[in-house]
Amino acid sequence: MSTAVPAVTRRRRGGLFARIFITFVVAAIASAIVAGLAGFTFATRFSAQWVAEVEEQLEDYGPRFQAAVGDPLALQELTQELGEQVDATVGVFGPGGRKVAGEGPARLPRGHRRRHNPQRRGKGRPQRTGKPRVLPGSRMEPPVVVYGLSDPVTGKPAVRLGIVPRPGFRLFIPIIALSLMLPVLGGGAWVVSRSLARRLAQIEGSADRIARGDLHHRIALPEGAPRDELDQMGAAFNEMADKVEALLQGQRTLLANVSHELRTPIARMKVLIEILQDRVTTLRDRGDESRPVQRLDKGLVDLGIDITEVETLISDLLTSGRLELRHGAAATLQTTSIDVHALLSRVAAKADARVELDGQPQLVADELLLERLLSNLLANARRACPDGRLSVHAKPDGDMTELAVADEGPGVDPEHRETIFEPFTRLDQARDRDRGGVGLGLYLCRQICLSHGGTIVVTDRPDGASGAYFVVRLPARGPQA
């Protein structure tokens, strides 16, 4: 079976990776330019001009060096003087390539010793005295200008001058190259990583909001076609959220319609129960206390209780369905200014709860829905502790009004404090079907809070006692349109 390809996958691809590729290509080109300039400077430093300068200086210093052969102190002074003139280290090396005076390495480089040792036959041409020779370096070694000096007694080659560019200059070039390349590479990597981190954080935050139940939220995307793969991922995520919301919307609509249609047959059954109860009453008035009449009377009472429970369930489903289908829009609420003390006293009397007021809380809300919310919380608390004390508390908190219901029951474990607000969730025996709970009361409470722009949470009691503490926070001036 073929699967339709989402629209986002047919759009232009490669934008993100193209930008990364371009960034590093630019960095590579910049690095190549820097390396080329460094190489050009390095090569220029050892060009024929530099060699000519060394040879020119040797024309003046050559006779002086020749005269100083055999005098280490004089050779030392001359090597320092010549080195300052040509910006190089000048050393005097014996026939084996070992330094006997001057500066520079202790021995000539290995390649120079092997190829130009006049005492090794077949290993190079003998060094002629009084004539400089440029010996190319091996691999990354610089060239060496060698100048032969002869023994004043025998006239045979005795020592050689080795003129090598100063190491400080060789290290200066790669340091400059690195100092220029690293900012280019680091800047490009910082720009790309910062952009990626910011956009990924935005997608993560949007996904978290949708996962927490805000199905109307969408990831913000630029207008037009997606620029790169992250935009495509965001568009695919929004499309998924649209489909999930549409699916849930359809289920809610179906549930609301079914619940609405069930109200008519339930109303008929209630009327029939009343008629049958009237007949039973008539039979008892005539003195008929037979066993069938008693069983019929008890069965009608139990049936009436069950139908009332089903009617309450359907009413909760209809109320929550309407709030969800209208997205909690404030315009659908019948908001009025509420006398908080009178409302709390009315709902607390039904559950034998204590009322506590802190200050003068103000509240603009749908009074019927708010009374339903508090009644559900108190009924739920009474089922959790049939013989314990209940309290309902109200206080102002800035632009919000806080309502709290406390009981002395077993409380709610931290890992269940989110799931209890899901529909048809019952956690323990205190909230089972046999004791009146069907798992919709807290779900409806959350929908009423959301429709008013408020929140509801459950925590431990602030006084440290055992029990649950449900906190409702609603805008004091009413929900925003």
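**Close-up views of a predicted model**

At 3% relative accessibility, Phe421 falls under the 20% limit and therefore counts as buried. This residue opens the first of several close-up views, all of them taken from a predicted model.

**View A. Phe421 and Phe470 form an edge-to-face aromatic pair.** In general, two aromatic rings are described by how far apart their centres lie and by the angle of their planes. For Phe421 and Phe470 the distance is 6.4 Å centre to centre, with 80° between the planes. The pair links distant parts of the chain, since Phe421 belongs to the loop between β10 and α10 while Phe470 sits in strand β12, 49 residues apart. Phe470 is also buried, because its relative accessible area is 2%.

**View B. Tyr61 and Phe65 form a tilted aromatic pair.** The count of aromatic pairs in the model comes to two, and in this one the rings of Tyr61 and Phe65 lie 6.4 Å apart, centre to centre, with 45° between their planes. Because Tyr61 and Phe65 are four residues apart in helix α2 (residues 48-67), about one helical turn separates them. Both Tyr61 and Phe65 are buried.

**View C. The largest nonpolar core has 38 residues.** Within this core, the residues that touch the most other members are Leu370, Leu373, Leu377, Phe470 and Val472. Two or more residues each are given to the core by α8 (340-351), β8 (363-366), α9 (367-384), β9 (390-397), β10 (400-406), α10 (441-451), β11 (455-460) and β12 (468-475). Helix α9 provides the largest share of the core, namely seven residues. A second, separate core holds 22 residues, including Ala68, Leu78, Leu149 and Leu161.

**View D. Leu377 is shown with the residues it touches.** Not counting residues up to four places away in sequence, Leu377 touches Val405, Leu442, Cys445, Ile456, Phe470 and Val472. Of these, Phe470 and Val472 are, like Leu377 itself, among the residues that touch the most other members of the largest nonpolar core.

**View E. Helices α8 and α9 meet in a right-handed crossing.** On the α8 side, Leu343, Leu344, Arg346, Val347, Ala348, Lys350 and Ala351 take part, and they meet Glu367, Leu370, Glu371, Leu374, Ser375, Leu378 and Arg382 of α9. Sorted by class, this contact has eight nonpolar, one polar and five charged residues.

**View F. Glu402 is a buried residue in strand β10.** Its relative accessible area is 12%, and Glu402 therefore counts as buried. Leaving aside neighbours within four places in sequence, Glu402 is in contact with His393, Ala394, Lys395 and Asp397, as well as with Val471, Val472 and Arg473.

Key:
Residues are numbered from 1 along each chain as its sequence is written. This is a predicted model: local features need pLDDT of at least 70, side-chain atom pairs count only at pLDDT 80 or more; totals for chains, interfaces and linings use all residues. Side-chain values use heavy atoms; hydrogens and water are left out. A nonpolar core is a set of buried Ala, Val, Leu, Ile, Met, Phe, Trp, Tyr and Cys residues joined through side-chain atoms within 4.5 Å. Buried means under 20% relative accessible area, exposed over 50%, partly exposed in between (1.4 Å probe, protein chains only). Contact means heavy atoms within 4.5 Å. Rings of Phe, Tyr and Trp (its six-membered ring) pair if their centres lie within 6.5 Å; planes under 30 degrees apart count as stacked, over 60 as edge-to-face and the rest as tilted. A crossing is left-handed if the near helix is turned anticlockwise from the far one by less than a right angle, and right-handed if clockwise. Ala, Val, Leu, Ile, Met, Phe, Trp, Tyr, Cys and Pro count as nonpolar, Asp, Glu, Lys and Arg as charged, and the others, Gly among them, as polar.
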